[in-house]
Amino acid sequence: EQILRNALAEAHDIAAAPPPIEDAMRILRRAKDAVHLAVALADFAQLWPLMRVTGAITDFADAALQAAVAVAAKESERRGDIAPGAYDAEVGPAPGIALIAMGKMGASELNYSSDIDFSVFFDAETLAQAGAREPRVAAVRLVAPLVRTLEEVTPDGYVFRTDLRLRPDPGSTPVAVSIASAEHY
């Protein structure tokens, strides 16, 4: 339980004050390794029921995804896609961006080898108020560092593979879909 709490705290610390992307990647990969080891020990010792095992992995995935969004928002600020200081404690590091967990993540059923399925949506008006020059472009460009933070293979491994294909009409829509388009779809 303590190892899981520590890993979640590390991810939450990244979300609250994102370090450079390479540092975040290293911290999250090492935290994931710790979570998987602790969860496996609790699983093999039959200390946790199956839903606690999958729930713990999913809880870490959720915290890692929040951290990755914060890192990506910081990268978006650095590139000038959104205005510096757009972070709002109530709505998160990327105002106007919403992620919805799908598949096993959405059902809190991740296992040790699961990828995480999620869809990225944006509200153009909110992004414009956050200083995005072109909201659609800013939203789409935010996804690349988000995914890189989680799935790029480094000497420390990767955190989670990601799958963005469960969004509305994935063959003809960008990786970030406007909320208005999703509602229409």
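**Entry 1: the largest pocket.** I am working with a predicted model. I started with open space, and the largest pocket holds about 250 Å³. I counted 16 residues in its lining, and L65, Q66, V69, P93 and L99 are the ones that lie nearest the centre. Sorting the lining of the largest pocket by class, I noted 13 nonpolar residues, two polar and one charged.

**Entry 2: the cavity.** How many cavities of 30 Å³ or more does the structure hold? I found one. For the largest cavity I wrote down a volume of about 40 Å³. Its lining is made by S76, I82, A94, I97, L127, A138, A139 and L142. Helix 6 gives the most to this lining, with three residues.

**Entry 3: helix 3 against helix 6.** Helix 6 made me curious about its partners. I looked up helix 3 (residues 50–79) and helix 6 (residues 135–151), whose axes come within 8 Å and cross at roughly 135 degrees. Angles over 145 degrees would count as roughly antiparallel and 65 to 115 as roughly perpendicular, so I logged helix 3 and helix 6 as oblique to each other. The crossing of helix 3 with helix 6 is right-handed. On the helix 3 side, the contact is made by A64, L65, A68, V69, V71, A72, A73, E75, S76 and R79. R141, L142, P145, L146, T149 and L150 make it on the helix 6 side. My class tally for the contact of helix 3 with helix 6 is 11 nonpolar, two polar and three charged residues.

I also cross-checked some names. L65 and V69 of helix 3 touch helix 6, and L65 and V69 also lie among the residues nearest the centre of the largest pocket. S76 and L142 belong to the helix 3 and helix 6 contact, and both line the largest cavity.

**Entry 4: helix 2 against helix 6.** At what angle do the axes of helix 2 (residues 21–44) and helix 6 cross? I have roughly 40 degrees, with the axes coming within 8 Å. Helix 2 is therefore oblique to helix 6. I21, E22, M25, L28 and R29 of helix 2 meet P145, R148, T149, L150 and E151 of helix 6. By class, this contact has five nonpolar, one polar and four charged residues.

Notes: Residues numbered from 1 in each chain as written. Predicted model: local features only at pLDDT ≥ 70, side-chain atom pairs only at ≥ 80, totals over all residues. Heavy atoms only, no water. Axes fitted to C-alpha atoms, helices over the stretch in contact; angles between N-to-C directions. Helix = DSSP H or I, 4+ residues; strand = E, 2+ residues; numbered from the N terminus. Parallel < 35°, antiparallel > 145°, perpendicular 65-115°, else oblique. Left-handed = near helix turned anticlockwise from the far one by under 90°. Contact = heavy atoms within 4.5 Å. Nonpolar A, V, L, I, M, F, W, Y, C, P; charged D, E, K, R; others polar. 1 Å grid on protein atoms, 1.4 Å probe; cavity = no way out; pocket = protein on both sides within 12 Å on 5 of 7 lines; lining within 4 Å. Points joined across faces, edges and corners; volume = space filled by probe spheres on them.
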